Amino acid sequence: MVTSSVPRLVIAAPSSGSGKTTVATGLMAAFASRGLAVSPHKVGPDYIDPGYHALATGRVGRNLDAYLCGAELIGPLFAHGARGCDLAVVEGVMGLYDGAAGEGELASTAHVAKLLRAPVVLVVDASSQSRSVAALVHGFASWDPEVRVAGVILNKVGSDRHESMLREALDASGVPVLGVLRRAPQVDTPSRHLGLVPVAERRAEAVSAVAAMAAQVARGCDLDALAALARSAGALSGAAWDAAEAVALPTHDHRTRSTGKRGPLVAAAGGEAFTDHPTRSAGQRAPVVAVAGGPAFTFSYAEHAELLTAAGAEVVTFDPLRDEQLPDGAGGLVIGGGFPEVYAPELSANEPLRKAVAELAFGGAPVAAECAGLLYLARELDGRPMCGVIDAEARMHERLTLGYRDAVAVSDSVLAAAGTRMRGHEFHRTVVEPGAGAAPAWGVRAPERRVEGFVQHGVHASYLHTHWASEPGVARRFVERCLTS
């Protein structure tokens, strides 16, 4: 049995807006400045915070989502990301005990902390309280005996007197104060309709902000005590996740995800086990899979590229804002999430690339598009011409669509066979009309039963974000189609 003993901390809060991202990113950068190899992680499906984490540590930011991937993959995915590191910092999501709607603790920060056997540090916005902070911390520390709330960092403290009052109140709580941070506008990061502005859109300013976070945390927190707390985390047993091993396994139906048990096999990519590059015969050249990047397409899980590579593909990133052609030899295309609505004029103006994407798609090459990718493939976005691969119009909308989704593939596609079940996440303020094609991509059960997305030629386009580590056969099937299209 393989055991992982990487020291680790989970940074949580009573609610969103308390300062988790500032504290977690600042801790990552402060520990990294001490010469430590720091592994950055984020609970939940968020794509933006990991960009700041990567800036702070110089390592890929990785997500730990027990809803999308299943509880049984949290430890292996953590060990994969933290391999060779001195310390790991895990930023939580929402409030400590807030999980998937209607699913109890599933996918909450508390759930992931228990799965990782990690101590929790609670970040409390103390700007509008004094003695009440003790009741708040006591409540969070005692709510679930299996969650070890082992320290508090007080954020947005107004003065020395305010700090003294807070410390005095917390003396009897049994939870030590490991940091006190004053109000500091220079660490703020700008937000818009879907949260923080990604690093790729403001790199110079983001570098300065992360440096300010690191300085503030180093001044206000007891880094030695936090490092010692991280070393108290329990050992994790089990092998680290490995992309090559994952694509060599049979594909599974995860209908029993919430219990951590695996369901029966389905035929999404065949039931047999594979070795080496399962999709490529000897002497066959690796297919080139073009992956959209740059400021307009920043949403991607690192494991997707790793799985595509393990399945035998050569992954090449391109920027639809600047590149007028797809990468040489592109035989497949992946367009993830991001903010095409912000860059609609520039994307529309890049007519050579729009035509190249349409030519590839209409030629039958595999194309996987999620959310922003769906908008880019549409006929138009907010009245501006896009690629015209999907006969639909996209536009901004005042309503936010947000939440986890249980989905089943309605149509056979380059990603999955009809009947394949996966879990996903929606997060957008746009609408596409019509919302589904003649061959829909997914059937979704909640919050209302509906079909959505488009499957046509070799295209799979949908609003649903999925995590391929939960269903590695998706990557294998996609690369197989690249070789045969």
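Visitor: So buried means under 20% relative accessible area, exposed over 50%, and partly exposed in between. Which of these is Glu393?

Guide: This is a predicted model, and in it Glu393 has 36% relative accessibility, so it counts as partly exposed.

Visitor: What does Glu393 form a salt bridge with?

Guide: Its partner is Arg379, and the closest N and O atoms of the two are 3.0 Å apart. The pair connects distant parts of the chain, since Arg379 sits in strand 16 (residues 378-381) and Glu393 in strand 18 (residues 390-409), 14 residues apart.

Visitor: How many salt bridges does the count come to?

Guide: The count is 23 salt bridges. One of them joins Arg182 to Asp160, with the closest N and O atoms 2.8 Å apart. Arg182 is in strand 8 and Asp160 is in helix 6, so this pair ties together parts 22 residues apart in sequence.

Visitor: Why would such side chains pair in general?

Guide: Side chains of opposite charge can pair when their charged atoms come close.

Visitor: And how exposed are Arg182 and Asp160?

Guide: Arg182 counts as partly exposed because its relative accessibility is 30%. Asp160 is at 56%, so it is exposed.

Visitor: What does Asp406 form a salt bridge with?

Guide: With Arg445, at 3.0 Å between the closest N and O atoms. Asp406 belongs to strand 18, while Arg445 lies in the loop between strand 20 (442-444) and strand 21 (450-452), so the pair ties together parts 39 residues apart in sequence. Arg445 has a relative accessible area of 47%, so it is partly exposed. There is also a network: salt bridges that share partners join Glu105, Lys114, Asp144 and Glu146.

Visitor: Change of topic. Why is strand 7 called largely enclosed?

Guide: Strand 7 covers residues 149-157, and eight of its nine residues are buried, so the rest of the structure largely encloses it.

Visitor: Which way does strand 6 run beside strand 7, parallel or antiparallel?

Guide: Strand 6 (residues 120-125) and strand 7 run parallel, joined by six bridges. For example, Asp125 has Asn155 in strand 7 as its bridge partner.

Visitor: What about strand 8, how many bridges does it share with strand 7?

Guide: Four, and strand 7 and strand 8 (residues 177-182) also pair in the parallel sense. Val157 stands opposite Arg182 in strand 8. Between strand 7 and strand 8 the chain passes through helix 6 (residues 160-170), in a right-handed β-α-β crossover.

Visitor: Now helix 12. Where does it sit, and what span should it have?

Guide: Helix 12 takes up residues 351-362. At 1.5 Å a residue its twelve residues should span 16 Å, and the end C-alpha atoms are 16 Å apart, which agrees. Among the buried residues of helix 12 are Leu353, Val357 and Leu360.

Visitor: What follows helix 12?

Guide: Gly364 follows it, with a positive phi near 95°.

Visitor: Last one: is Asp49 buried or exposed?

Guide: Asp49 counts as buried because its relative accessibility is 6%. Asp49 is in helix 2 (residues 49-57). Not counting residues up to four places away in sequence, Asp49 touches Thr21, Lys42, Glu91 and Leu196.

Definitions and conventions
Residues are numbered from 1 along each chain as its sequence is written. This is a predicted model: local features need pLDDT of at least 70, side-chain atom pairs count only at pLDDT 80 or more; totals for chains, interfaces and linings use all residues. Side-chain values use heavy atoms; hydrogens and water are left out. Buried means under 20% relative accessible area, exposed over 50%, partly exposed in between (1.4 Å probe, protein chains only). Helices (H or I, at least four residues) and strands (E, at least two) are DSSP runs, numbered from the N terminus. Two strands pair if DSSP finds at least two bridges between them. A crossover is right-handed if, with the strands pointing away from the viewer, the path from the first strand over the helix to the second runs clockwise. The expected span of a helix is 1.5 Å times one less than its number of residues. Contact means heavy atoms within 4.5 Å. A salt bridge is a side-chain nitrogen of Lys or Arg within 4 Å of a carboxyl oxygen of Asp or Glu.
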